[in-house]
Amino acid sequence: MSVTKAPHILRIDVVERLLAHHRACHGVARVIGSRGEGLGVRVAGERVATLQASGPREAVKGLHIALEAILETERMQEERQRVISERIVGLTRRLREVEDRMLSSLEHRKLQLLQQQRRLADVASTDPLTGTLNRRAFEASLAPLCQASAHTRDPVAVLFCDVDHFKAVNDTHGHAAGDRVLTRVGELLRAGRRKGDLVARWGGEEFVVVLPDCEQEHAMAVAERMRVQLKELVFEGEGSFSITMSVGVAVGVPRDEALQEDAASLIQTADQRLYEAKQSGRDRVEGGGRSLRMAG
């Protein structure tokens with residue numbers, strides 16, 4: 001009587017112990033070649049023999065029952081292992097999803113913090129009324145710009161701008177109208193700037209514009225364009241009114257060994273030329289007639 005071929009793989013050490021037991025007790029069971037009929041025995045996936053039982057019916061039946069019990073135990077162990085593996089895979093997947101959500105949340109929070117830092121930096125460096133740089137931020141930005149100019153030997157232009165008769169605007173039309181004027185001036189000065197240009201409120205109704213890599217002729221043209229554009233604007237207060245602006249222009253190439261001194265000299269020269277423009281009747285651009293080339 002042959003044992004029915006099993007669909008599962010049996011560990012050969014288990015089968016050998018079972019066969020030894022039945023040989024000792026009943027004198028049954030033998031292992032025959034791989035072409036025989038019976039229970040397949042495999043090691044590491046390779047078929048090495050088939051198990052065939054012979055002997056008294058009850059002994060063979062007992063061997064068959066024992067083998068089926070072993071097979072059932074193997075199947076149960078495999079099922080438990082499959083369930084455990086599926087649970088592990090599920091837990092791993094959920095852990096990965098939680099990790100992804102946490103990483104996404106951290107990245108989102110990091111982005112929020114960076115945006116908040118940029119907003120705070122903008123608030124700290126921006127004049128709240130005009131949207132231009134405040135004086136502290138301007139002075140901090142001017143140093144590296146002059147350093148780059150000293151390295152490339154390209155000229156830097158400084159435009160000092162002042163709204164003419166601004167006190168009269170406040171006295172006649174009110175401070176709210178004066179604020180609107182300053183806001184519009186800030187917008188106009190920022191509108192045509194290039195990347196790298198600086199626009200700042202120096203104080204009160206005074207503004208300063210710095211144009212890197214800019215020759216005298218171009219700086220004068222930029223200042224004149226801004227003056228004309230501002231003059232064409234119409235404001236509302238105690239009736240309609242317009243304003244004018246005076247501009248002083250200075251152009252120079254700072255020296256590596258005297259960056260702070262030369263930057264201050266450019267601003268001072270532009271301020272002096274602004275004073276000359278006002279003394280000459282206001283509503284004009286004064287550039288000293290030539291590019292200011294510093295020694296060195």
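This is a predicted model: local features need pLDDT of at least 70, side-chain atom pairs count only at pLDDT 80 or more; totals for chains, interfaces and linings use all residues.

Visitor: Which side chain does the side chain of T130 make a polar contact with at 2.7 Å?
Guide: The partner is the side chain of D127. A polar contact is a pair of N or O atoms within 3.5 Å; within protein, one must be able to donate a hydrogen and the other to accept it, and residues adjacent in sequence count only if both atoms are side-chain atoms. The T130 side chain also makes a polar contact with the side chain of T132, at 2.8 Å.

Visitor: Where is T130, and is T130 buried or exposed?
Guide: T130 lies in the loop between α2 (57–125) and α3 (135–152). Helices (H or I, at least four residues) and strands (E, at least two) are DSSP runs, numbered from the N terminus. T130 counts as buried because its relative accessibility is 2%; buried means under 20% relative accessible area, exposed over 50%, and partly exposed in between (1.4 Å probe, protein chains only).

Visitor: Let us turn to α5. Which of the residues of α5 are buried?
Guide: They are A177, G178, V181, L182, V185, G186, L188 and L189. V185 has a relative accessible area of 1%. Beyond four places in sequence, V185 is in contact with V163, F207, L230 and I243. The C-alpha atoms of V185 and E206 are 10.0 Å apart, although 21 residues separate the two in sequence.

Visitor: And the largest nonpolar core: which members touch the most others?
Guide: Those are L159, V181 and I243, in a core of 31 residues. A nonpolar core is a set of buried Ala, Val, Leu, Ile, Met, Phe, Trp, Tyr and Cys residues joined through side-chain atoms within 4.5 Å.

Visitor: Which element supplies the largest share of this core?
Guide: That is α5, with 6 residues. Apart from this core lies another, of 22 residues, among them L198, A200, V208 and I267.

How values were computed
Residues are numbered from 1 along each chain as its sequence is written. Side-chain values use heavy atoms; hydrogens and water are left out. Contact means heavy atoms within 4.5 Å.
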